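Visitor: Hi, could you walk me through this structure? I'm new to this, so please go one piece at a time.

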Amino acid sequence: MISKIHIENIRGFENVDLTVALRPNLTNIIVAPNGFGKSSISTAFNCAKGKQLTVDEKDKHKKSSDNPSCLSIVHDGKTLHASSKLNDISDIFDIHVIKSNIEPKAKLPRINGFTIAKPYLEIPSLDLGAASVREKINFDINKYKTLFGANCKVVPNLSTSCDDELLRSELLSAIDSIDKLKQKKSSDFFEALIQKVKGLVGTKASISDAVSAVYASKIDELPHLKAVFDVVSKHRRGKSTWLDCTLLCYILMDLSVSDRQNLKKWLQYAVYSRRLKSLRDFIEDINGAWVTAEIKETKGRVLVNFPDASSLSNGQRDLLYFGCNLLRTRETTSSKPCILLIDEVFDYLDDANIVVAQYFLSKLIDAYRKEGGQIYVCLLTHLDPMYFKGYALKRQQTVYLGDATQKTTETMRKIIMCREDQCWAADLSKHFLHYHPIDRDISGVFNTTYGLPKKHGKSHGFYNFLKEEWEKCLVGGASYDPFAVCAYVRVQIEQCAYSKIPTEPERQKFLLECNGTASKLAFAECIGIPVPEACHLLGVVYNEAMHQKGAIDQSSTIALKLRNLGLQGIMKQAINW
């Protein structure tokens with residue numbers, strides 16, 4: 001598990017410690033508001049992919065090149081460091097970062113002697129690794145036919161018998177066993193088999209039956225021969241005789257001795273070719289428009305070339321780029337554990353594409369699990385899975401950054417959890433959670449029934465309590481009750497509206513007949529009071545907070561919204577209009 005991330009002098013972070021609990025082989029959904037520094041986290045890891053931490057001046061905090069940058073993580077209790085001099089992190093982990101990488105470009109055609117810039121968007125090519133050159137096997141069938149005299153017809157043609165790329169891919173996995181077929185027991189087996197075949201008369205099938213009756217059981221006694229034979233026979237079943245499969249093993253052994261480099265390259269190219277086909281099939285699956293991404297072998301590299309970004313829909317472009325980046329992660333990863341950061345890619349996909357993207361992600365995680373590897377998938381987002389239902393992965397967890405430890409006061413906890421209790425429901429709704437000029441005193445109920453401070457049981461005293469929590473929020477750093485802050489914003493918005501109502505009858509109608517903040521603001525506008533748009537927009541925040549009840553312990557989700565400096569600015573305007 002990765003339990004802590006420390007970042008210094010990188011983009012928005014001067015010096016920050018982030019407490020996390022990132023687990024392998026599932027999706028860690030890291031939630032933080034816009035402006036928190038999620039891209040600073042992805043930049044820090046992106047700079048740590050090499051032998052040392054390499055941070056461009058533009059990525060330094062406030063472009064301060066004088067101060068050193070560093071990244072450290074705590075993994076399974078051990079601290080790993082990355083700086084300009086060392087990188088313990090990349091020694092242990094492969095690191096990959098996926099984020100939008102669309103670059104503005106300009107074509108510069110000359111028209112009537114003038115150069116006119118024509119802007120366009122470009123998605124840079126993705127490098128999936130080195131390309132392989134097709135290798136032909138150096139196989140001379142006549143060399144083997146001379147071994148069998150009159151029965152030379154039994155010799156299979158390796159080139160055509162092993163044209164199946166899956167067969168050759170699996171033979172590459174068994175290359176160590178092929179190399180060991182030259183050992184004495186296997187060599188003696190082949191020598192005896194050849195002498196037996198030379199002395200027989202009949203068809204290929206009858207000769208095969210005759211020798212298999214004698215030698216088939218002996219293969220089980222030779223583990224390396226059995227390993228190779230099982231691979232060949234599995235793929236040649238129904239196409240070859242027992243003797244064909246055995247002689248193919250013999251030919252592979254002989255080529256391993258005489259020209260192993262050529263043999264291995266021939267097998268390796270089959271693996272490469274299958275991989276290339278798999279990549280092309282994957283690209284084809286996620287291409288949906290008349291323009292497509294293409295896999296090209298260029299200058300010894302395998303590249304994914306994308307079309308002009310403007311010729312794709314935004315959703316298709318983002319999904320295509322995301323999927324291809326997952327491919328690159330898989331194709332360029334070693335046997336080390338992998339840290340994969342996905343920087344807000346999901347935030348801009350529509351519901352259907354989010355489902356597809358999660359499918360790709362689950363396949364990647366399953367591949368690591370199947371091979372006994374580990375991948376730490378970290379999805380950086382401002383969309384909380386508690387409210388945004390697009391996240392539906394079977395193995396996922398949510399990690400909150402920022403004010404994730406803000407503590408709900410007992411007063412707000414009891415009010416929200418028990419607000420419908422008859423002993424105070426009407427008073428809470430009318431005097432405490434909405435603005436009312438009359439100071440309502442139910443301190444006895446607060447203190448005796450619920451064990452809360454008496455001063456909070458007087459509505460205007462309660463307003464002062466809300467204001468104190470609001471001021472803590474603005475200061476930053478101090479612990480505050482996010483639910484109290486939201487209640488304060490709502491009460492203040494209503495108080496501002498009330499103070500602008502010119503007549504007493506209209507004020508009474510505002511207090512007695514309008515239920516809910518939206519209704520009160522609508523009434524104010526109806527009588528000619530211009531209510532700022534911010535007051536309406538903030539309803540999404542304060543109404544959500546006041547109706548948590550079953551999820552009161554999820555204060556972090558509310559606190560994350562309040563951390564947003566833009567939202568704080570809107571709230572400041574709304575409470576004093």
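Visitor: Let's start with a pair of residues. Which residue in β5 does Leu71 stand opposite?

Guide: Leu71 stands opposite Ala82 in β5, and please keep in mind as we go on that this is a predicted model.

Visitor: OK, and how do the two strands there pair?

Guide: Strand β4, which covers residues 70-75, pairs with β5 in the antiparallel sense, and the pairing runs over five bridges. As background, the strands of a sheet pair through backbone hydrogen bonds, and they can do so in a parallel or an antiparallel way.

Visitor: What is the order of the strands in that sheet?

Guide: The sheet is open and has four strands in the order β2-β1-β4-β5, with antiparallel pairing. The edges are formed by β2 (13-22) and β5 (78-82), each of which pairs on one side only. On average, neighbouring strands of this sheet are turned by 15 degrees against each other, if direction is ignored.

Visitor: Which helix packs on the sheet?

Guide: That is helix α1, residues 38-46, which touches β1 (2-10), β2 and β4, and whose direction makes about 90 degrees with that of β1.

Visitor: New topic: helices against helices. At what angle do α8 and α10 cross?

Guide: The axes of α8 (residues 204-219) and α10 (residues 242-258) cross at roughly 60 degrees and come within 8 Å. Among the residues making the contact are Ile207, Val211 and Tyr215 of α8, together with Trp242, Leu243 and Asp244 of α10. Sorted by kind, the residues of this contact divide into seven nonpolar, three polar and two charged.

Visitor: You mentioned Asp244. How far is its C-alpha atom from that of Asn157?

Guide: Those two C-alpha atoms are separated by 9.2 Å, although Asn157 and Asp244 are 87 residues apart along the chain.

Visitor: And where is Asn157?

Guide: Asn157 lies in the loop between α3 (141-145) and α4 (158-161). The side chain of Asn157 reaches the backbone nitrogen of Ser159 at 3.0 Å, and, if we leave aside neighbours within four places in sequence, Asn157 is in contact with Phe139 and Ile141.

Visitor: Why does it count as partly exposed?

Guide: Asn157 counts as partly exposed because its relative accessible area is 28%, which falls between the cut-offs of 20% and 50%.

Visitor: Last one: how many residues are in the largest nonpolar core?

Guide: The largest nonpolar core has 55 residues, and Met412, Trp424 and Leu562 are among those with the most contacts inside it. Helix α18 (residues 482-499) gives the most to this core, with twelve residues. A second, separate core has 43 residues, including Phe148 and Tyr250.

Conventions: Residues are numbered from 1 along each chain as its sequence is written. This is a predicted model: local features need pLDDT of at least 70, side-chain atom pairs count only at pLDDT 80 or more; totals for chains, interfaces and linings use all residues. Side-chain values use heavy atoms; hydrogens and water are left out. Buried means under 20% relative accessible area, exposed over 50%, partly exposed in between (1.4 Å probe, protein chains only). Contact means heavy atoms within 4.5 Å. A polar contact is a pair of N or O atoms within 3.5 Å; within protein, one must be able to donate a hydrogen and the other to accept it, and residues adjacent in sequence count only if both atoms are side-chain atoms. Two strands pair if DSSP finds at least two bridges between them. Axes are lines fitted to C-alpha atoms, for helices over the stretch in contact, and angles run from 0 to 180 degrees between N-to-C directions. Ala, Val, Leu, Ile, Met, Phe, Trp, Tyr, Cys and Pro count as nonpolar, Asp, Glu, Lys and Arg as charged, and the others, Gly among them, as polar. A nonpolar core is a set of buried Ala, Val, Leu, Ile, Met, Phe, Trp, Tyr and Cys residues joined through side-chain atoms within 4.5 Å.
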